[in-house]
Amino acid sequence: MTTIRMNATQLWVHDQDEALRFYTEKVGLELKEDVTVAEMGNFRWLTVGAPGQDASIVLMAIPGAPMFDDATQGEIRALMGKGYAGTVFFSTDDCRARHAEMAALGVEFTQEPTETPYGIDCGFRDPSGNHLRMVEPPAGA
């Protein structure tokens, strides 16, 4: 059987530069790729990921016309703020300590670290309103 690996996931963001600062300066990810393609209307391929890991998050700007009109863009932004655009899950070896570090940097948390059957879990948002979760797996998991 051939293998398959997780390569990337995508989040819509309001402002790619703001998202890049958030994920690199507050979450602790690193810039993986930042490429602008002039032939595609200056489309910007911007990815971040955990140091030493291959999987990335593509920080995708909400496209404008002709793909989406202003009203549709507004609807997408509203749904993002409600968490409709999906959730990215991070893992850490110390959820409470990482929560404290990120809160001190101004990260908006939607849930404090909580004991669950799958570990210690908390929730937070990025500047675009995307829902993010951070889990410390139980010892021995």
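The side chain of Gln-16 reaches the backbone oxygen of Arg-44 at 3.2 Å and the backbone oxygen of Leu-59 at 2.8 Å. Both are polar contacts, meaning a pair of N or O atoms within 3.5 Å; within protein, one must be able to donate a hydrogen and the other to accept it, and residues adjacent in sequence count only if both atoms are side-chain atoms. The model is predicted: local features need pLDDT of at least 70, side-chain atom pairs count only at pLDDT 80 or more, and totals for chains, interfaces and linings use all residues. Residues are numbered from 1 along each chain as its sequence is written, and side-chain values use heavy atoms, with hydrogens and water left out.

Gln-16 belongs to helix α1, residues 16-27. Helices (H or I, at least four residues) and strands (E, at least two) are DSSP runs, numbered from the N terminus. With a relative accessible area of 12%, Gln-16 is buried (under 20%; exposed is over 50%, partly exposed in between, with a 1.4 Å probe and protein chains only). Not counting residues up to four places away in sequence, Gln-16 touches Arg-44, Leu-46, Leu-59, Met-60 and Ala-61, where contact means heavy atoms within 4.5 Å.

Leu-59 has contacts of its own: leaving aside neighbours within four places in sequence, they include Leu-11, Val-13, Ala-19, Tyr-23 and Val-48. Leu-59 is also among the residues that touch the most other members of the largest nonpolar core, which has 23 residues. Such a core is a set of buried Ala, Val, Leu, Ile, Met, Phe, Trp, Tyr and Cys residues joined through side-chain atoms within 4.5 Å. The largest share of this core, five residues, comes from α1.

Two pockets follow. On a 1 Å grid over the protein atoms alone, a pocket is an open set of points where a 1.4 Å probe fits, with protein on both sides within 12 Å along at least five of seven lines; lining residues have an atom within 4 Å of a point.

| Pocket | Volume | Lining by class |
|---|---|---|
| Largest pocket | About 440 Å³ | 13 nonpolar, seven polar and one charged residues |
| Second largest pocket | About 190 Å³ | seven nonpolar, three polar and one charged residues |

Volume is the space filled by probe spheres set on the points, which are joined across faces, edges and corners. Ala, Val, Leu, Ile, Met, Phe, Trp, Tyr, Cys and Pro count as nonpolar, Asp, Glu, Lys and Arg as charged, and the others, Gly among them, as polar.

Strand β5 gives the most to the lining of the largest pocket, with four residues. Gln-16 and Arg-44 are among the residues that line the second largest pocket.
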